[in-house]
Amino acid sequence: QLQASGGGLVQAGASLRLSCAASGGTFKRDTVAWFRQGPGKEREFVSAIVWDSGSTYFGFYADSVQGRFTISRDNAMNTVDLAMNSLKPEDTAVYYCAAARGRYLSGYDALNNYASWGQGTQVTVSS
């Protein structure tokens with residue numbers, strides 16, 4: 001079960017940190033991603049973190065957030081965080097975390113690959 005938190009109302013240029021916590025098991029080797037759904041829009045990929053080997057992970061980002069958002073994980077805490085900097089009004093959305101069994105070095109941006117979803121957390125960025 002996934003629980004997303006950390007959303008809020010901020011001004012443009014501000015930062016927020018979202019957290020996705022897993023309960024009922026570990027997702028250390030799962031692919032974990034953040035998606036978002038803005039008003040009147042379809043759910044879209046934001047970022048994913050994919051286990052490679054040992055303690056090595058790869059981070060992937062949508063072009064729209066590359067350089068502003070950073071995904072990370074804390075396996076001891078069983079969490080995956082999304083640090084969001086230089087927020088823009090167009091980042092306003094409900095943000096969802098999702099987990100998929102296994103490594104998705106391709107297909108990490110496809111909603112259908114994710115079986116477990118959190119409940120979403122609202123991020124609102126005012127201009």
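1. In this predicted model, D91 is buried, with a relative accessible area of 1%. Two salt bridges of this aspartate are described in the points that follow, and each joins the side chain of D91 to an arginine: R36 in one case and R68 in the other.

2. The salt bridge between D91 and R36 has an N to O distance of 2.9 Å. It connects distant parts of the chain, since D91 belongs to the loop between β8 and β9 (93-100) and R36 to strand β4 (residues 31-37), at a separation of 55 residues. R36 is itself buried, at 5% relative accessibility.

3. In the salt bridge between R68 and D91, the closest N and O atoms are 2.8 Å apart. Here too distant parts of the chain are linked: R68 lies in the loop between β6 (56-61) and β7 (69-74), D91 in the loop between β8 and β9, and 23 residues separate them. R68 is classed as buried, its relative accessible area being 10%.

4. How are R36, E44, R68 and D91 joined into one network? Salt bridges that share partners bring these residues together. The reader may wish to display the four residues together when inspecting the model.

5. Over the whole structure, the search finds six salt bridges. One of them is formed by the side chains of R17 and D81, with 3.1 Å from N to O. Because R17 lies in strand β3 (residues 16-22) and D81 in strand β8 (residues 79-84), this pair ties together parts of the chain that are 64 residues apart in sequence.

6. D81 is buried, with a relative accessible area of 15%, which is under the 20% cut-off. In general terms, side chains of opposite charge can pair when their charged atoms come close.

7. Which residues does D81 contact, leaving aside its neighbours within four places in sequence? They are R17, L18, S19, C20, W34, T70, I71 and S72.

Definitions and conventions:
Residues numbered from 1 in each chain as written. Predicted model: local features only at pLDDT ≥ 70, side-chain atom pairs only at ≥ 80, totals over all residues. Heavy atoms only, no water. Salt bridge = Lys/Arg side-chain N within 4 Å of Asp/Glu carboxyl O. Helix = DSSP H or I, 4+ residues; strand = E, 2+ residues; numbered from the N terminus. Buried < 20%, exposed > 50% of the residue type's maximum accessible area, 1.4 Å probe, protein only. Contact = heavy atoms within 4.5 Å.
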